[in-house]
Amino acid sequence: MTYTLVLLRHGESDWNAQNLFTGWVDVPLSEKGTEEALTGGRLMVDAGVLPDIVHTSLLRRAISTANLALDVADRHWIPVHRHWRLNERHYGALQGKNKKEIRDEYGEEQFMLWRRSYDVPPPEIEPGTEFSQDADPRYAGEPIPRSECLKDVLERALPYWNEAIVPDLKSRKVVLVAAHGNSLRAIIKHLDGIDDETISGLNVPTGIPLVYELDENLTPTQPGGRYLDPEAAKEAIAAVANQGR
Ligand SMILES: O=C(O)[C@@H](CO)OP(=O)(O)O
């Protein structure tokens with residue numbers, strides 16, 4: 001008997017399409033992203049993987065993706081929990097900046113350090129500036145970051161994983177987590193025990209459900225899980241890896 005976890009990165013957002021660092025900026029899905037979310041729902045139906053409960057971030061690209069996918073799967077009615085601890089990593093002062101321009105200005109090495117190193121956060125965002133979240137009511141009273149590396153994301157996501165998601169898994173619910181490239185990378189690092197170096201090469205495609213069967217110790221029975229459309233995932237993973245080029 002295993003526990004079933006479905007990880008779903010939101011469909012393409014408007015800012016993914018424009019190649020902008022997004023982080024906690026609350027941008028909507030693009031038309032393509034909406035289609036990806038609907039396809040994600042169909043893939044779950046075809047695989048017979050029907051969520052009993054959903055956890056999302058507080059950002060509309062993840063919320064909309066979950067809503068669209070669950071509607072297709074006729075599971076629009078399941079209980080939902082939302083938390084900022086599942087948000088995308090906070091991209092600090094890079095939020096709203098073009099990835100290619102940042103790469104051209106700072107060079108490949110610095111660009112990749114900021115984008116994919118485990119423990120180097122981008123420069124902090126200035127409070128009160130256009131893309132900062134300090135006055136956003138959804139985070140009132142919360143210890144929100146001004147910039148995060150993946151290590152920070154893992155540290156803030158883990159309490160939510162342990163206290164909110166694990167109990168649902170252990171009660172034998174099929175759990176859907178609809179979140180973001182980097183919050184999902186953090187969860188995958190934790191689940192698969194990926195080391196700090198190797199995780200820099202792992203990218204998560206938009207809109208393709210990734211299913212994990214977990215044993216009693218919450219160890220994946222198949223490391224890396226299985227994408228419900230492996231061919232599409234391969235192509236989309238390469239596209240994410242190549243952003244900024
Ligand atoms: O901009 C972002 O918030 C993330 C995800 O879209 O980008 P990256 O893949 O570069 O970490």
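Predicted model: local features only at pLDDT ≥ 70, side-chain atom pairs only at ≥ 80, totals over all residues.
**Entry 1**

I started with the strands. I found an open sheet of six strands, and reading across it I got the order β3-β2-β4-β1-β5-β6, with mixed pairing. Which strands sit at the edges? They are β3 (80–82) and β6 (226–227), and each of these pairs on one side only. As a reminder to myself, strands of a sheet pair through backbone hydrogen bonds, either parallel or antiparallel.

**Entry 1: β2 and its neighbours**

Next I zoomed in on β2, residues 53–56. On one side I looked up β4 (residues 175–179), which pairs with β2 in the parallel sense over four bridges. I noted two residue pairs here: Thr56 is opposite Ala178 in β4, and Val54 has Leu176 as its bridge partner in that strand.

Then I checked β2 against β3. These two also run parallel, and three bridges join them. Val54 turned up again, this time standing opposite Val80 in β3. So that I keep it in mind when I look at side chains: in a regular strand they alternate between the two faces of the sheet.

Which strands does helix α7 lie across? I wrote down β1 (3–9), β4 and β5 (210–214) for α7 (residues 181–192), and the helix runs at about 150 degrees to β1.

Helix α7 also packs against α6 (residues 150–170), with the axes 9 Å apart and an angle of about 75 degrees. That angle falls within 65 to 115 degrees, so I call α6 and α7 roughly perpendicular to each other. From α6, the contact residues include Leu150, Val153, Leu154 and Trp161. From α7, they include Asn182, Arg185, Ile187 and His190. Sorted by class, this contact of α6 with α7 has eight nonpolar, three polar and two charged residues.

**Entry 2: α2 with α3**

I moved on to α2 (residues 31–47) and α3 (residues 60–72), whose axes come within 7 Å and cross at roughly 45 degrees. Because of that angle, I put these two helices down as oblique to each other. Their crossing is right-handed. Among the residues that meet are Ala37, Leu38, Gly41 and Met44 in α2, and Thr65, Leu68, Ala69 and Val72 in α3.

**Entry 3: α4 with α5**

How far apart are the axes of α4 and α5? They are 6 Å apart, and α4 (residues 99–106) packs against α5 (residues 108–116) at an angle of about 130 degrees. That makes α4 and α5 oblique to each other. Ile102, Arg103 and Tyr106 in α4 meet Glu108, Gln110 and Phe111 in α5. By class, the contact of α4 with α5 has three nonpolar, one polar and two charged residues.

**Entry 4: around the ligand**

Last, I listed what surrounds the ligand. The residues are Asn16, Phe21, Thr22, Gly23, Glu88, Tyr91, Arg115, Gly181, Asn182, Val240 and Gln243. How does this shell divide by class? I got three nonpolar, six polar and two charged.

Conventions: Residues numbered from 1 in each chain as written. Near = placed C-beta within 6 Å. Nonpolar A, V, L, I, M, F, W, Y, C, P; charged D, E, K, R; others polar. Axes fitted to C-alpha atoms, helices over the stretch in contact; angles between N-to-C directions. Parallel < 35°, antiparallel > 145°, perpendicular 65-115°, else oblique. Contact = placed C-beta atoms within 7 Å. Left-handed = near helix turned anticlockwise from the far one by under 90°. Pairing = 2+ DSSP bridges.
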